[in-house]
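Morning, everyone. I have one model to walk through today, and I will keep it brief.

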Amino acid sequence: VDAREGLTGGDEQIAAELRRTGKPVTLVVNKSESLDRDLAAAEFHALGLGEPVPISAAHGRGVKPLINEVLETLPPAEEPPEEERGIQIAVVGRPNVGKSTLINRLLGEERLVAYDQPGTTRDSVQVPFEHAGRRYTLVDTAGVRRRARVSEGIEKFSVIKALQAMEQANVVLLVLDAHEGVTEQDASLAGHVLESGRALVVVVNKWDGLDPDQRDRVKAELERKLPFLSFAEVKFVSALHGTGVGHLMDAVDAAYRAATADLKTPELTRVLEEAVQEHQPPLVRGRRIKLRYAHQGGRNPPIIVIHGNQTESVPAAYQRYLVNRFRQAFGLWGTPVRIEFRTAENPYKGRRNKLTQRQRQKRRRLMKHVKRR
Ligand SMILES: Nc1nc2c(ncn2[C@@H]2O[C@H](COP(=O)(O)OP(=O)(O)OP(=O)(O)O)[C@@H](O)[C@H]2O)c(=O)[nH]1
Ligand SMILES: [Mg+2]
């Protein structure tokens, strides 16, 4: 209500309506800056809506206590349970590549704002989505731009939100703009996806309006600039026209399946033995590295824990060889695969640290991003 105008018939009418709803109501007396606060509030008691709260919206006076008061009347926030949210899909990419357009296309309606202007989406938006009888949550995110360009506070914040959405997702759709090719920023973002460990589908958008030569060039660029994403399926689509979008969810499902696969200890160990037999790990100070057995240590991403001796000396190239063997054997496409080693001589080493170490890495990644700005 308006303190300067005082109580009006219209106020009384609205108050009567509100009382009928039985909902919690806060009576706010605005424009009370130049009046005595108690006096300004007094006459509104008659509305029967509880203690009037005097504020001045224009001068920002009394607004914080008001918000606190209102928040207290709200029930605690409820996250929908996991089976309702379904598979979480974070859609990430540079500004203007067509993320919001793609989600609208998947939904079959113009739910999100898409516009030819980088920075259209400012905050992560969660959109429930059902496809082939299965539940998903699509998360639209703000375009992640080049470091140098991010100056404003709100943009810094939106980039961090986009990276968080990725960390919280099960599957990431990394969207590229075929008209622009694979840029440095795409590669840097792809690095973030890889570190996050999420399952991944690469979406090359705006595939319309390109001649065969241009298309070949984009495909070659993908191989040259993003070789570390070779485990992921690449879909060429036009979000604007809908071409290719129909098969996108198949790729998402396949990636999710691989990322959350159940890997049995006997099979893992058999694949490990075969791999070692075909290609022995190297000698370290005259002693052969021994890799004895493997079990699953986590999902999304799959973590394969290998037990042996001198495992801290397994070279990176040999680790890549092992990852490839496990990938082939279990069809682990569309997801990063992590290997962790345990050395028998020190059974406690690394065991207690397993989760906290990953959490520490995660924090370091996010902090790195914050500090860069
Ligand atoms: N030619 C063509 N244009 C597209 C396609 N998809 C999106 N666009 C256009 O690209 C522009 C940006 O689309 P958005 O969906 O807003 O892009 P965004 O990635 O959400 O952008 P931000 O929210 O700013 O990060 C719009 O003008 C779209 O119409 C496509 O498949 N082909
Ligand atoms: Mg957008």
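**A sheet and a ligand site**

Let's start with the sheet. Three strands make an open sheet in the order β11-β12-β13, and the pairing is mixed. Bear in mind that this is a predicted model. Which strands stand at the edges? They are β11, residues 290-298, and β13, residues 338-343. Each has a single partner strand, so one side of each lacks a neighbour in the sheet. From one strand to the next, the twist averages 25 degrees.

Now the pairing. β12 covers residues 303-309, and it runs parallel to β13 over six bridges. Glycine 308 has threonine 343 in β13 as its bridge partner.

On to ligand 1. There are 23 residues around it, and Lys99, Thr101, Gly119, Thr120 and Asp208 come nearest. By class, that shell has seven nonpolar, 12 polar and four charged residues. Which helix gives the largest share? Helix α5, residues 99-107, with three residues.

Next, the polar contacts. A polar backbone atom of tyrosine 115 is 2.9 Å from a ligand 1 oxygen. For valine 97, again a polar backbone atom, the distance to an oxygen of the ligand is 3.3 Å. Serine 238 uses a polar side-chain atom, 3.2 Å from an oxygen of ligand 1. How much of the ligand does the protein cover? It covers 90% of the 650 Å² of accessible area that ligand 1 has on its own.

Notes
Residues are numbered from 1 along each chain as its sequence is written. Chains are lettered from A and ligands numbered from 1 in the order in which they are written. This is a predicted model: local features need pLDDT of at least 70, side-chain atom pairs count only at pLDDT 80 or more; totals for chains, interfaces and linings use all residues. Side-chain values use heavy atoms; hydrogens and water are left out. Two strands pair if DSSP finds at least two bridges between them. Helices (H or I, at least four residues) and strands (E, at least two) are DSSP runs, numbered from the N terminus. Axes are lines fitted to C-alpha atoms, for helices over the stretch in contact, and angles run from 0 to 180 degrees between N-to-C directions. A residue is near a molecule or strand if one of its heavy atoms lies within 4 Å of it. A polar contact is a pair of N or O atoms within 3.5 Å; within protein, one must be able to donate a hydrogen and the other to accept it, and residues adjacent in sequence count only if both atoms are side-chain atoms. Accessible areas come from the Shrake-Rupley method with a 1.4 Å probe; for residues, only the protein chains shown count as cover. Ala, Val, Leu, Ile, Met, Phe, Trp, Tyr, Cys and Pro count as nonpolar, Asp, Glu, Lys and Arg as charged, and the others, Gly among them, as polar.
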